[in-house]
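Keep the sequence at hand.

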Amino acid sequence: MKYVLAILLPILYQIAVLAQDRPASTVAGAVADEHGEPVPFATVALYHVVDSTLAVGGVSDVSGAFSLAVKPGRYYLKVTFVSYRDKIVPRVHVANTPLALGTIVLQSSADVLQEVVIEGERPAMELQLDKRVFNVSQDLSNVGANASDILGNLPSVTVDVDGAVSLRGSGNVRILIDGRPSGLTSRDPDALRKLQGNLIERIEVITNPSSRYDAAGEVGIINIIMKKDKRGGLNGTFVATAGNPYQLGASYSINYRKNNINLFSSYGIDDRNAPGFGSSYQRYTSEDTSFVYSQYNERERGGLAHNVMLGLDYFLTEKTTLTGSFLYNPSFGVNHSTNTYHDYDEAGTLTRNVVRTEREEEDESTLEGTLSFKKDFERKDQSLTADVKWIRGVDDEATRYSEGTPGGDLTLQRGLNNADETNWQVQLDYVHPVGKEGKLEAGLKTAARMIHNLYSLETQEDDDTWTPLPAFTNNLEYNEHIHAVYVMGGNAFGKLSAQGGLRGEYSDITTTLTETNESNPRTYFNLFPSAGLSYKLKDSNTLQLSYSYRISRPDFRDLLPFSDFRDSRQFFMGNPNLKPEYTHSYELGYLIEWGEGSILSSVYHRHRTDVVQRIVSDVDEQGRTQIIPINLAEQNAYGAELNLSHAIDTWWKINTSANFYRAITEGTYQDEVLSADTYTWTSRTTSKWTFFRKLDVQGSFNYRAPRVTTQGRDRSTYSVDLGTSYDIFKGKGTVNASVRDLFNSRIRRSIVDNEEYYSSSKFQWQSRQLLVTFTYRLNRLKEKDSEPAEEM
């Protein structure tokens, strides 16, 4: 408890200082036409930059003058009058002194001008009732990056060197695309690295999802929103990227709307080669045998990936929309890896060197089709939506291995790992308003997922024939059917808002090993409640309390009994007998907003049962280590999180986040007590400076503290990213340059330390990278010069 107080007391002090009321100030000016004549009775309104809500409004007088009283803060001004084009004045920063805007000139709508639809400078993070929204395009270190890199830059989110995503220290997080499960993330653990970040609009982090969302994901949901527009006319964005280590990419996102049809399309191509390295030291000592060896690994992962998306919105009526979209994501890659083993005797003398090489050819594709219907009724907030999605995915991997001593005989092997996946999803949601501010929601969903996975490993004999290894050859059939129904309601009672819901999910999952005729069918039904309270202490201060009950079903790859055979001395096996994890999640958050920024502080607690962890389950006399996932333990995690966003001046913004948590894990395996009690934290700080309205410079620092595991510990990691951008072509173009991992320090280091077995390892997926990116906007200006776009 004393650690939590040490964290919270400084936060609460800041809250007390920043939460005080600020006196209102005035924003004044005049409205005139292009000939200098005053425009009386024009509508003048100030909107919050944070969420585009109206702060204050008024009209100009007979002389065109206006004056608005408003609290200090960051706004944009909108002036409208019939027969004139709307005028946006961005960056209206109100301090404690009166602000004079001068004369605002309106252009007649009769003029033949190229229409420029522009967007506003959204903050890096926006807080909504049940989620945090990150506008990732504002982060210069994200330009030219892939989806995996962008996720790794979000507060409380970490992406390890294998591409696994964690939120608040847990890897059981659900990743969605446009609010729905996608084949881009459900099958290939490396898929996020193949998704170009230039196609991403924003990312939503939902730490305590309500009942309208799937119950899967222990720590919540990360929802990736892809770019799609609904502006009139033709507009779009074109991006080209080059980097070292080798990376070439290009993408576009365009939109055309006329009358009742809206066409949208995006395409991205990315060709890269990512070098990485790893090393380890292994020592095993028992009464029967002992061994010591060190290992060094060099690898290159590369290939060509495409992302194609086409879609159409057809507006049947003003309030009824039919949307169809198509996505195709093929990729082709060749990966190389070399493992060098150095074996030592008991005296520490080198006895031999062994070299193992790998060449993997990877052919993947995802095909998705979506059909959506939405109807908004005459009554405000009443709506009906229906969605149907079909997904077809293929992931074929063919690998050649060779192993032997330099100059000696080689053992040749080949592996095959082919996975075919088909998904169907049907969902219906209805929202009905109740009273003035309440609403009732209900919906149902059914989803089917079928995966056929063929895995084989063969060794070449002296007569050149290939012999399969039975322990590593089988076929897995995975069939999953999940049916869900939910109901939830919410209402506002003055300053208090309340929301509660209940979701029921029936799961029918069967895994079958066809070669050995082993089947493991499972069916279970669960109820998942959720609840949330929000109380506005003042106009800019909000207190939130939430609860949810979650499930984490084992991924089909964790059920595969076959090994990853890249390393002939360390096998990562699956476990067909894994059970799902269950989590009770509680969170209390406090949001403070003021003119120049905001602070979101929160404390949370998660209680997990049947926690799945990967452990070293066996070490044989030849030094071969087996690592498997098991339902190891129960875990209680306590944490405190802080997110601070502050505009020190109009040219200097800073964002910082920190997540402090304690995790207590208690479990046993084969009569051995495996427990851990760890205190750790992660943080990220970003500072962005703007010079001459055209030049942006940004620096980011990421840190992950050491943590204790059930069989050892993970060491700390840190990294520094730098980025700069410069506007050209009158704001229609931007040139970006960035360095990711400036000090080449993003390295995973871990230790396993048991009574008889010790291992230390480090691994770097990709070395320091330099990127240069050019962006061109068609019929659009840069986002920071304008008004917020329409929310989807």
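T459 sits in strand β23, which spans residues 438–460. Helices (H or I, at least four residues) and strands (E, at least two) are DSSP runs, numbered from the N terminus. This is a predicted model, in which local features need pLDDT of at least 70 and side-chain atom pairs count only at pLDDT 80 or more, while totals for chains, interfaces and linings use all residues. Residues are numbered from 1 along each chain as its sequence is written, and side-chain values use heavy atoms, with hydrogens and water left out.

Is T459 buried or exposed? T459 has a relative accessible area of 15%, so it counts as buried (under 20%; exposed is over 50%, partly exposed in between; 1.4 Å probe, protein chains only). Its side chain makes a polar contact of 3.3 Å with the side chain of Q413. A polar contact is a pair of N or O atoms within 3.5 Å; within protein, one must be able to donate a hydrogen and the other to accept it, and residues adjacent in sequence count only if both atoms are side-chain atoms. Not counting residues up to four places away in sequence, T459 touches T411, L412, Q413, T465, W466, T467 and L469. Contact means heavy atoms within 4.5 Å.

Now turn to the cores. A nonpolar core is a set of buried Ala, Val, Leu, Ile, Met, Phe, Trp, Tyr and Cys residues joined through side-chain atoms within 4.5 Å. The largest one has 31 residues; Y478, I551, F556, F565, I630, L632 and Y669 touch the most other members. Strand β23 is among the elements that each supply at least two residues, as are β25 (474–493) and α4 (556–559). The largest share, 4 residues, comes from β32. Another core lies apart, with 22 residues, including F134 and V165.

Next, a sheet. Four strands form an open sheet in the order β3-β2-β5-β6, with antiparallel pairing. Its edge strands are β3 (54–59) and β6 (87–94), each pairing on one side only. Two strands pair if DSSP finds at least two bridges between them. Strands β2 (residues 43–48) and β5 (residues 73–80) are joined by 6 bridges. One of these partners T43 with T80 in β5.

Finally, confidence. pLDDT is the predictor's confidence in each residue, from 0 to 100. The chain averages 82, and 86% of the residues score at least 70. Over residues 110–120 the pLDDT stays under 50. Residues 784–792 are also below 50.
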